[in-house]
Amino acid sequence: TAKDAALLAFVSSIGPFAANAYVPAFDEIGQHYGVGLVTVQQTLSIYLAAFACTSLLIGAASDAFGRKAVLALSMTVFAVSSLGLLFADSMEAFFIWRFVMGMAAAAGPVVRDRWSGGDAAKIIALIAVIFGLAPALAPVVGGELTVHLGWRSIFIFLAVLSAAMAFCSACVLKESLPSERR
């Protein structure tokens with residue numbers, strides 16, 4: 001359905017969005033933790049490394065446990081990691097929570113086996129457009145949040161967004177891999 005397609009498109013886009021949303025806040029984050037810009041930039045590398053490594057494993061997990069469960073759990077972990085970043089009391093804790101967030105973000109692009117033929121092409125195109133727009137819009141959203149509400153507001157925004165996606169994944173999305181096919 002269109003609701004499923006939209007949800008999957010937004011879940012797929014949360015990874016690139018979260019990678020770029022906090023970039024405008026690098027200076028503020030560095031000042032808060034008393035570290036240089038290079039140290040803050042490393043949090044992006046940590047996130048991307050976790051995303052890449054987990055992308056290799058998340059398909060097998062969704063094959064074993066079901067698409068819906070993995071997606072809902074991943075978005076829940078993403079929300080928790082957003083809160084972890086919000087309350088991180090050290091740069092080391094910030095590193096850990098960015099790693100966890102990167103792992104959780106990897107689940108979004110995996111769940112695409114619901115459609116076939118022309119419908120699949122349309123859905124993949126929609127996901128690709130939103131997936132492409134997310135990293136472009138993220139710094140704008142992150143910058144506005146940082147300027148008006150401070151850098152921590154970015155992680156509140158991400159927590160609320162991913163919690164909503166977790167809820168929708170658990171309650172609205174239909175399972176696309178029945179237990180007898182796992």
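This is a predicted model: local features need pLDDT of at least 70, side-chain atom pairs count only at pLDDT 80 or more; totals for chains, interfaces and linings use all residues.

Analyst: Residues are numbered from 1 along each chain as its sequence is written, and side-chain values use heavy atoms, with hydrogens and water left out.

User: Why is H2 called roughly perpendicular to H3?

Analyst: The axes of H2 (residues 26–33) and H3 (residues 37–65) cross at roughly 115° and come within 9 Å. Roughly perpendicular covers 65 to 115 degrees (under 35 is roughly parallel, over 145 roughly antiparallel, the rest oblique), so H2 gets that label against H3.

User: Which residues make that contact?

Analyst: Phe26, Asp27, Ile29 and Gly30 of H2 meet Leu37, Val40 and Gln41 of H3; contact means heavy atoms within 4.5 Å.

User: What makes Ser82 buried?

Analyst: Buried means under 20% relative accessible area (exposed is over 50%, partly exposed in between, with a 1.4 Å probe and protein chains only). Ser82 has 0%, so it counts as buried. Ser82 lies in helix H4 and, leaving aside neighbours within four places in sequence, touches Met101, Phe155, Leu158, Ala159 and Ser162.

User: Which residues have the most contacts inside the largest nonpolar core?

Analyst: Ile29, Phe78, Phe94, Met101, Phe155 and Leu158, in a core of 47 residues. Such a core joins buried Ala, Val, Leu, Ile, Met, Phe, Trp, Tyr and Cys residues through side-chain atoms within 4.5 Å. H1 gives the most to this core, with 10 residues.

Note on methods: Axes are lines fitted to C-alpha atoms, for helices over the stretch in contact, and angles run from 0 to 180 degrees between N-to-C directions. Helices (H or I, at least four residues) and strands (E, at least two) are DSSP runs, numbered from the N terminus.
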